[in-house]
Amino acid sequence: MAVKTINIRFPFAETFNGGVFESNTTTERAYRDDLISLLTTKRRQRVMRNNLFSPIYDYLHEPFDDIAQQRLDRDIKAKVEEYMPQIEIKGIKYTPNYSENLLGLQVVFSVKELFDTTQSININFPIDNIS
């Protein structure tokens with residue numbers, strides 16, 4: 001009997017087990033991977049879906065002070081609400097790593113349909129210069 005899958009696991013990994021890419025078999029993992037996919041999508045990567053992109057890239061090359069963080073928080077929450085209304089962002093933490101030229105992002109979220117179970121994801125974005 002074949003295992004039922006929900007979506008493709010992110011980041012992509014090759015498999016020869018019932019398909020080309022690894023798949024998710026739980027709703028919880030599927031939402032997590034969909035959120036990572038949304039937050040790492042750049043402008044113009046999705047053909048005919050011009051508004052489907054992550055606002056994070058708009059802030060990477062700007063001075064990253066408290067005001068920019070508040071605006072980015074607001075923009076991320078609005079984008080997630082627009083495309084993934086079943087997810088509620090509980091908190092966002094930024095960790096600049098200047099020695100490795102990265103901006104770390106930790107997003108704590110819950111899935112409303114799964115009894116508000118709380119999860120977190122960590123993503124690192126390459127930066128040129130954050131003051």
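This is a predicted model: local features need pLDDT of at least 70, side-chain atom pairs count only at pLDDT 80 or more; totals for chains, interfaces and linings use all residues.
A residue is counted as buried when its relative accessible area is under 20%. By this criterion, 8 of the 10 residues of strand β4 (residues 102–111) are buried, so the strand is largely enclosed by the rest of the structure.

The chain contains 2 helices and 5 strands. Read from the N terminus, these elements follow the order β-β-α-α-β-β-β. Of the 131 residues in the chain, 34% are buried. The accessible surface amounts to about 8500 Å², and carbon and sulfur atoms contribute 49% of this area. Among contacts with a separation of 6 or more, 40% are made by residues 24 or more positions apart.

Strand β4 pairs with two other strands. With strand β3 (residues 87–97), β4 is paired in the antiparallel sense over 10 bridges; within this pairing, Gly-91 has Val-108 of β4 as its bridge partner. The two strands form a hairpin with 4 residues between them. Asn-101 lies in the turn of this hairpin, that is, in the loop between β3 and β4. The phi of Asn-101 is near 60°, a positive value in a residue other than glycine. Because its relative accessibility is 31%, Asn-101 counts as partly exposed.

Strand β4 is also joined to β5, again by 10 bridges and with the strands running antiparallel. Val-111 has Thr-117 of β5 as its bridge partner. A hairpin is formed by β4 and β5 as well, with 5 residues between them, and Phe-115 in its turn has a positive phi of about 60°.

Helix α1 comprises 13 residues (residues 27–39).

With a relative accessibility of 73%, Arg-44 counts as exposed.

Aromatic rings were also examined. A pair of aromatic rings is described by the distance of the centres and the angle of the planes. A search of the whole structure identifies 1 aromatic pair. This pair is formed by Tyr-57 and Phe-125 in an edge-to-face arrangement, with 5.4 Å from centre to centre and 85° between the planes. Distant parts of the chain are linked by the pair: Tyr-57 is in the loop between α1 and α2 (66–83), Phe-125 is in strand β5 (residues 117–126), and the two are 68 residues apart. Tyr-57 counts as partly exposed because its relative accessibility is 23%, whereas Phe-125, at 2% relative accessibility, counts as buried.

Charged side chains are found over the ring of Phe-53. Arg-43 lies over the face of this ring, at 3.9 Å from the ring centre. Lys-79 also lies over the face of Phe-53, at 3.9 Å from the ring centre.

Note on methods. Residues are numbered from 1 along each chain as its sequence is written. Side-chain values use heavy atoms; hydrogens and water are left out. Buried means under 20% relative accessible area, exposed over 50%, partly exposed in between (1.4 Å probe, protein chains only). Contact means heavy atoms within 4.5 Å. Accessible areas come from the Shrake-Rupley method with a 1.4 Å probe; for residues, only the protein chains shown count as cover. The expected span of a helix is 1.5 Å times one less than its number of residues. Rings of Phe, Tyr and Trp (its six-membered ring) pair if their centres lie within 6.5 Å; planes under 30 degrees apart count as stacked, over 60 as edge-to-face and the rest as tilted. A charge sits over a ring if NZ of Lys or CZ of Arg is within 6 Å of the ring centre and within 35 degrees of the ring normal. Two strands pair if DSSP finds at least two bridges between them.
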